[in-house]
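Morning, everyone. Please have the structure up on your screens.

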Amino acid sequence: MRAQSLSHLFSHQVIALAGVLLINWMVFPGFFDVTWKDGRLFGSLIDVINRGAPVAILAIGMTPIIATRGVDLSVGAVMAVAGAVAATFTVAGHPLVVTLAAALAVAIACGLWNGLLIAFLGIQPFVATLVLMVAGRGLAQLITEGSIVTFSDPALIFIGTGSLLGLPMPAVIALLLMLGAHLFVRRTAMGLFIEAIGTNRSAATYTGLRSRSLILAIYAFGGFCAGVAGIIAAADIRGADANNAGLWLELDAILAVVIGGTSLLGGRFSIPLSVLGAIIIQAMNTGILVSGFPPEFNLIVKAGVIMIILILQSARLGEIVAAIRTKNPLGRKTP
Amino acid sequence: MTNDQRAVLQATGITKTFGSHAALKNVDIAFQAGEVHALLGENGAGKSTLIKILTGAYSLDQGTIRLDGEEVSFATPLQAQALGIGTVYQEVNLLPNMTVMDNLYIGRQPRRFGLVDRKRMEREARAVLSGYGLDIDVRADLSTFSVAVQQIVAIARAVALSGKVLILDEPTASLDAAEVEKLFDIVRRLKARGLAIVFITHFLDQVFALSDRVTVLRNGQLIGTRAISDINRTEVVKMMLGKDLALHHGEILAEESEVGETLVSLRDYGLKGRVEPINLDIHRGEVIGVAGLLGSGRTEMARLLFGIDTADSGRIAVDGRDATIRSPRDAVALGFGFCPEDRKLDGIFGDLSVRENIVMAMQARLGWFRALTRDEQMEIAGNYIEALDIRTASAELPVKLLSGGNQQKVILARWLATDPRFLILDEPTRGIDVGAHAEIVRVISRLREDGLALVVISSELDEVVSYSSRVVVMRDRAIAAELHGADINVARIVETIASHHAEAEQ
């Protein structure tokens, strides 16, 4: 039963991804070419998972948040903060472990702040995280003192541009984080509780769930994921850009989660499908780039494709199709 | 009720079905000019469905509505309003951030040269409101006035817009005694002006103080319409609560000596404004039935016991030890369970499976990290599906697809899985079919025999009588009386509910 429902869910996203990849291949026949060079894989496909990794990581953190009827608009800004902390720490000469720990700690603190506002003060997630979305970038600018802090520590840079077993590091990190998060929520009771809170918060409270602590933990995890994405983004360009790092990525992450089938109204969720959603978005971006389409069209094409995916997923469409199907036989009978 | 010549608004044969549930079955009702007509019934009786049909918010499946003798059909509330039927809801639905006069005239402002003539509007608003005995600054924001004033403004607007039938849906729910009196004056004045006034309330005192006639609905059916002079309080309560249940009557459980030791003990336990201080001992192996009309404090007491609201006075002891219950979590830790009145809103996780719904409370007790494996979950769910005879195609079916009775059993199963000592059931049989109804009543008796302590709130008095070891009657947010032994019968309970405040002191 479960396998069945999962395969049913899978179909939409996998078909969408296949469709996008097919179109990519049609407009750019070399799309699927993958070559091995200098001990790592190269090609458009590899590029998709590499470039898609930051949004995929954000989507991993965003999924439980959206599943509890929340949203985190601040993750893009938290990326900038984490990148700024990592850059300043490494420039100050701290070892890699300290640098990473500091950046992640600050990111988790940002998530906790959101969680406190939402779970304990009852502020709507949209507004609560909007605060940090604005303030976070300011914070990042303060940390970098208004300039772009560049660094050259090879260990830190490796996180953004290195490779492991032929795969780019960002993709490896995203994959491991996805597996870890997925196993964690499904092997513990977290997944069940998240879906319970998202489905009916009042019933969850009446049942004795610790809704507040769980929501706090979820936002902290969202902050952590934003921190990881922020470090990758900074390592990729070897510098922390407080103004542009992670800009608008929160919206891509939300979109990835929605494409992955988690409703903004909360409830059932799947972290792997959200990651798939992020890959679909990136496959589109890359496809538009390699196709040689005028860049002016990028956003329009992207919006169009996303609309098609969302319409295909809509429950209402399913109802309409079902209604037409049941009506049709009757229609045929009438002479 | 045949064709009533004097009726302003007459509805005949009204039937409305939602899915498989008949919310109204062949209901006839007529409202006359110059009368206050009380519409009574417990939750789920069909009052609000009837009102929504009369005001055009719902379409009707069968039946006719006549206004001034002519058949009408409203597609929208606006049409009903334009034809003369105005409604004032319990929660005033005006615009609190606009001025009083704007609220009175929005959509029909007096104009001068195409612009809103605010001077005239102010003058007219003052004149209109003075007719209601209200002399206030109509240019101030509505939100700066009390609920009572807002209520009167809403009435004034409804009367000005419609002017034939005025429906007041629990208008006094948030008013104090003096404000209620003022409102009643206004209603009487409107009645004298020839309006038909429909008055919905849960307070019997107010029904008898204000109404000329009363109509009672129960389970979507018309029980009857009576002139207030021909009926007394006990009869009204009887009509509302009825006793038509085809239920297997158990022997009366009079033997209180059979019950076990005290499990929960309440001393002056209360919350200001919600529940007056309660003194009650609840024993193992005992069912305490709680009777009382809606708004009598029944649900409020349950919420207090389960920590949804926190008491501000008195003490609660469990097993002889003082306890603090500040949240449902505290209550669950003490071995309490609660089946809420509104299953959909507070009970079930609709999209989650029957299995997940059943294991939820147990898992919540185990915490985040000691997760039940899938096999364990299947076993627990399977056991209770069998034990309570939950009719579902599979344990994996979303619980929202089950019938009301089976949903209720799922919630019961959820608590039974935690091995509770004390269960609070709020209207466990409301809105479920007769078969499941009888089964739930049987389960209650079985749990009592197993040594659980139960508090069961119900409006079905036959049912209360059949399973209760003791009956607590609530009135005006306090325990009005406790009935034992031979006193546990429907007539006695009805009498106690209806009796005046005189003997309320126990």
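How many Å apart do the C-alpha centres of domain 1 and domain 2 of chain A lie? They lie 28 Å apart. Keep in mind that this is a predicted model.

Let me stay with chain A for a moment. Domain 1 covers residues 46-292. Domain 2 covers residues 297-327.

Now chain B. Its inventory is 17 helices and 22 strands. The C-alpha trace of chain B spans about 75 × 50 × 50 Å along its principal axes. How does the radius of gyration of chain B fit a compact globule? Chain B has 506 residues, so a compact globule would come out near 23 Å. The value for chain B is 25 Å, which agrees. Of those 506 residues, 48% count as buried. Turn to the contacts in chain B with a separation of 6 or more: residues 24 or more positions apart account for 70% of them.

One helix of chain B deserves a look. That is H14, residues 404-416. Helix H14 of chain B has 13 residues and reaches 18 Å from its first C-alpha to its last. That is close to the 18 Å expected at 1.5 Å a residue. Is H14(B) mostly covered or mostly open? Mostly covered: 12 of its 13 residues are buried. Among them are B:Gly405, B:Asn406 and B:Gln407. The buried list also includes B:Lys409, B:Arg414 and B:Trp415.

Last stop, the contact between the chains. Chain B puts in 25 residues, and chain A puts in 20. Which elements of chain B give two or more residues to the side that touches chain A? They are helix H10 (328-333), helix H11 (343-347) and helix H12 (354-366) of chain B. H12(B) provides the largest share, 6 residues. By type, the side of chain B that touches chain A divides into 14 nonpolar, 4 polar and 7 charged residues.

That's my tour. Over to you.

Terms used
Residues numbered from 1 in each chain as written. Chains lettered and ligands numbered in written order. Predicted model: local features only at pLDDT ≥ 70, side-chain atom pairs only at ≥ 80, totals over all residues. Helix = DSSP H or I, 4+ residues; strand = E, 2+ residues; numbered from the N terminus. Expected span 1.5 Å × (residues − 1). Buried ≥ 20, exposed ≤ 12 C-beta atoms within 10 Å, placed from the backbone. Contact = placed C-beta atoms within 7 Å. Nonpolar A, V, L, I, M, F, W, Y, C, P; charged D, E, K, R; others polar. Rg over C-alpha atoms; globule rule 2.2 N^0.38 Å. Domains from an automatic or database assignment.
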